[in-house]
Amino acid sequence: MNLRDIKKDIEYVLSAFVEDCSIVAAVNTKAPEDKLAGLMEEAIDLYNELRDKVNGKIEGSKKTYYTELRKEILTRTDALYEKLSETVKSSSEKKKPAARKKSTAKKAE
């Protein structure tokens, strides 16, 4: 396990999430921009927090610490993706037009 690799993982995973939020905002015009911006801010805060953890002092086994940190990267990013998914689902459910009923009455001739 390499410290440089962990830093790259943090960079890659969270920048991919921010990019995904940007794509959703560009493609899905019905998605609330304030919620997407909030998710991006949350991802940036998580990035800063994880980088601080990587650069901080470690007590005990480094291998165990970095293994747990890698797990945290994935679980917390998965939680962000769940929030993004819920935001997209809620925006698409609200804006669906009501289905029109077909008329069963016969036309008068």
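User: Leaving aside its neighbours within four places in sequence, which residues is Phe17 in contact with?

Analyst: This is a predicted model, in which local features need pLDDT of at least 70 and side-chain atom pairs count only at pLDDT 80 or more, while totals for chains, interfaces and linings use all residues. Residues are numbered from 1 along each chain as its sequence is written, and side-chain values use heavy atoms, with hydrogens and water left out. Contact means heavy atoms within 4.5 Å. With neighbours within four places in sequence set aside, the contacts of Phe17 are Leu39, Ala43, Leu80, Tyr81 and Leu84.

User: Is Phe17 buried or exposed?

Analyst: Buried means under 20% relative accessible area, exposed means over 50%, and partly exposed is in between (1.4 Å probe, protein chains only). The relative accessible area of Phe17 is 0%, so Phe17 is buried.

User: How many aromatic pairs are there?

Analyst: Rings of Phe, Tyr and Trp (its six-membered ring) pair if their centres lie within 6.5 Å; planes under 30 degrees apart count as stacked, over 60 as edge-to-face and the rest as tilted. By this rule, the count of aromatic pairs is two.

User: What kind of pair do the rings of Phe17 and Tyr81 form?

Analyst: A pair of aromatic rings is described by the distance of the centres and the angle of the planes. The ring centres of Phe17 and Tyr81 are 4.9 Å apart and the planes are at 90°, so this pair is edge-to-face.

User: Which helices hold Phe17 and Tyr81, and how many residues apart are they?

Analyst: Helices (H or I, at least four residues) and strands (E, at least two) are DSSP runs, numbered from the N terminus. Phe17 lies in helix 1 (residues 3-27) and Tyr81 in helix 3 (residues 62-94). The pair therefore joins distant parts of the chain, with a separation of 64 residues.

User: What is the arrangement of the rings of Tyr65 and Tyr66?

Analyst: Tyr65 is partly exposed at 27% relative accessible area, whereas Tyr66 is buried at 11%. Their ring centres are 5.5 Å apart and their planes are at 70°, so the arrangement is edge-to-face.

User: Where is Leu39, and how many Å is it from Phe17, C-alpha to C-alpha?

Analyst: Leu39 is in helix 2, and its 5% relative accessibility makes it buried. Leu39 and Phe17 are 22 residues apart in sequence, and the C-alpha to C-alpha distance is 9.2 Å.

User: Which residues of the largest nonpolar core touch the most other members?

Analyst: A nonpolar core is a set of buried Ala, Val, Leu, Ile, Met, Phe, Trp, Tyr and Cys residues joined through side-chain atoms within 4.5 Å. The largest one has 19 residues, and those touching the most other members are Ile6, Ile10, Leu14, Phe17, Leu50, Leu80 and Leu84.

User: Which helix supplies the largest share of this core?

Analyst: Helix 1, helix 2 (33-55) and helix 3 each supply at least two of its residues. The largest share is seven residues, and it comes from helix 1.

User: How many salt bridges does the structure hold?

Analyst: A salt bridge is a side-chain nitrogen of Lys or Arg within 4 Å of a carboxyl oxygen of Asp or Glu. One of them joins Glu49 and Lys53 (3.9 Å, N to O). The number of salt bridges in the structure is seven.

User: Which residues are linked with Glu49 in a network of salt bridges?

Analyst: Glu49 meets Arg76 in a salt bridge of 2.7 Å, N to O. Glu49 lies in helix 2 and Arg76 in helix 3, so this bridge ties together parts that are 27 residues apart in sequence. Arg76 also forms a salt bridge with Glu72, with closest N and O atoms 2.9 Å apart. The residues linked with Glu49 in the network are Lys53, Glu72 and Arg76.

User: Which helix has the lowest mean pLDDT?

Analyst: pLDDT is the predictor's confidence in each residue, from 0 to 100. The chain averages 86, and 84% of the residues score at least 70. Among the elements of the chain, helix 2 has the highest mean pLDDT, 94, and the lowest, 91, belongs to helix 3.
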